[in-house]
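These are my notebook entries on what I looked up, written in the order in which I went from one topic to the next.

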Amino acid sequence: MAKFIDLIVTDIHRTTADAIAVRLQPADGSTLPFTQGQYLTFRRAIDGTELRRAYSISAGVTDGTLEVGIKKVKGGAFSTWAHANLKPGDTIEALSPMGTFHTPLSPNNIKQYLGFAIGSGITPVLSILRSILAVEPRSRFTLIYANRSARDVMFREELEDLKNDHMGRLNIVHILKNDPQGIDLFTGRIDAEKLDAMFKTWVPVNHADAAFICGPEPAMETIAERLQTHGMSKDTIKYELFASAQPGQLPQRPISDESTKGTKATIILDGTAQTVDVAPGETVLEAALRSGLDAPYACRAGVCSTCMCNVVEGQADMLTNHALEDYEVARGVVLSCQAVPVSDTITVEYVDH
């Protein structure tokens, strides 16, 4: 099971007026391996309340550092604290990198990749982009990046540097909602009509081997649907959604009437089993935490996969699922923050990420 480790902040720089890039390294002097597109789950007590927040890694796998992007969110306790208080030399706790927003890379690959990012959705896509350019010298990447205006473009200088360093291999298309750019196609919101026009003239969908999409759900669903319409298969499209349901997941059954009954749950953490009572309508994670178990979690909204576990025995319905793939759900994996038992007894085992 992933454990919290101490990370030291080595550098902070502002990438927009409301976003910072934070560089980190393990406090013990070791390295922390990660896969492009993964995220870190931070833990911090603020005003006496423990908060956990997941932030995507923006560094590439060959960069020799850890870096995350933190955008200040109105009313966001953790992001507000980080912007106001975090400084080089500080120590912050984090779980080991997690997440499946990636595909395997190889120096022998000769592939065409597409990336779609909206706002702070650029963070994991940047990690993927940086890694592909470094690891696969014969692959190409096309990035479509949407923002409200030019001043909202996170990592703008880093993207320009990458484009200059990899001319002919990296193409970046900026779409700005409020800033005219001289070409109507690159101004306004991303919608189906705009995507169709882009795919016909600017974006090589027919030759793409994989696409990575990160941002709010409605736009992501539209992008995924148009990519499939233009010939990409669903299994070559990877999602990292901010919220709402992941396209293509197995249909979720409504919570059964059986969930009104209490359940005896055996929860296996690090090979140790403990039985707890799950109240009617309570999730597996809520019951585990109430019983004092150190179960892993981050967003508690079904968006990340930090709390995923295997249903070994019994059955649970998920209230929602924004993170798991079809095949994972089919083999009995659930997000414990969304899993409500619907059997008298259930046994779950937390996944060692």
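Is E282 buried or exposed? I kept in mind that I was reading a predicted model. I found that E282 is buried, because its relative accessible area is 12% and buried means under 20%. I then looked for a charged partner and noted that the side chain of E282 meets that of R290 in a salt bridge, at 2.9 Å from N to O.

**Entry: other salt bridges**

I looked up the total and read that the structure holds 14 salt bridges. I reminded myself that side chains of opposite charge can pair when their charged atoms come close.

Which parts of the chain does the pair of D294 and R52 link? I first noted the salt bridge itself, in which the side chains of D294 and R52 meet at 3.8 Å, N to O. D294 sits in the loop between α6 and β14, while R52 belongs to strand β4 (residues 49-56), so that distant parts of the chain, 242 residues apart, are linked by this pair.

I turned next to D196, which forms a salt bridge with R226, the closest N and O atoms being 2.9 Å apart. D196 lies in helix α4 (residues 192-201) and R226 in helix α5 (residues 217-229), so the pair ties together parts that are 30 residues apart in sequence. I found D196 to be buried, at a relative accessible area of 17%, and R226 is buried too, at 14%. To close this entry I wrote down a network of salt bridges that links R23, E67 and R130.

**Entry: the sheet with mixed pairing**

I followed five strands that form an open sheet, in the order β13-β12-β18-β14-β16, and I noted that their pairing is mixed. Why is one side of β13 and of β16 left without a neighbour in the sheet? β13 (272-278) and β16 (333-335) stand at the edges and each has a single partner strand, so one side of each has no neighbour there. On average, neighbouring strands of this sheet are turned by 35 degrees against each other, direction ignored.

I then went through the pairs inside this sheet. Strand β12 (residues 263-269) pairs with strand β18 (residues 345-350) in the parallel sense, over five bridges, and I found that A265 has I346 in β18 as its bridge partner. β14 and β18, by contrast, run antiparallel and are joined by four bridges, with Y350 in β18 as the bridge partner of C309. β14 and β16 also pair in the antiparallel sense, over three bridges, and M308 stands opposite L335 in β16.

**Entry: the nonpolar cores**

I reminded myself that nonpolar side chains tend to be buried together in soluble globular proteins. Which residues touch the most other members of the largest nonpolar core? Of its 30 residues, I listed I267, V276, L324, L335, V348 and Y350. At least two residues each come from β12, β13, α6 (284-290), β14 (308-313), β15 (316-318), β16 and β18, and α6 gives the most, with four residues. A second, separate core has 27 residues, among them V173, V203, V205 and A208.

**Entry: the parallel sheet and its helices**

I came to another open sheet of five strands, whose order is β9-β8-β7-β10-β11 and whose pairing is parallel. β9 (170-176) and β11 (237-241) are the edge strands, each pairing on one side only. Neighbouring strands here are turned by 10 degrees against each other on average, direction ignored. Strand β7 (residues 112-118) and strand β8 (residues 140-147) run parallel and are joined by seven bridges, and in β8 I found R140 as the bridge partner of Q112.

How are the helices placed against these strands? Helix α3 (residues 156-165) lies across β8 and β9, running at about 145 degrees to β9, whereas α4 lies across β7, β8 and β9, at about 155 degrees to β9.

Last, I looked at helix α2 (residues 122-135), whose 14 residues reach 19 Å from the first C-alpha to the last, close to the 20 Å expected at 1.5 Å a residue. I noted that α2 is mostly covered, as 13 of its 14 residues are buried.

Notes:
Residues are numbered from 1 along each chain as its sequence is written. This is a predicted model: local features need pLDDT of at least 70, side-chain atom pairs count only at pLDDT 80 or more; totals for chains, interfaces and linings use all residues. Side-chain values use heavy atoms; hydrogens and water are left out. Two strands pair if DSSP finds at least two bridges between them. Axes are lines fitted to C-alpha atoms, for helices over the stretch in contact, and angles run from 0 to 180 degrees between N-to-C directions. A nonpolar core is a set of buried Ala, Val, Leu, Ile, Met, Phe, Trp, Tyr and Cys residues joined through side-chain atoms within 4.5 Å. Buried means under 20% relative accessible area, exposed over 50%, partly exposed in between (1.4 Å probe, protein chains only). A salt bridge is a side-chain nitrogen of Lys or Arg within 4 Å of a carboxyl oxygen of Asp or Glu. The expected span of a helix is 1.5 Å times one less than its number of residues. Contact means heavy atoms within 4.5 Å.
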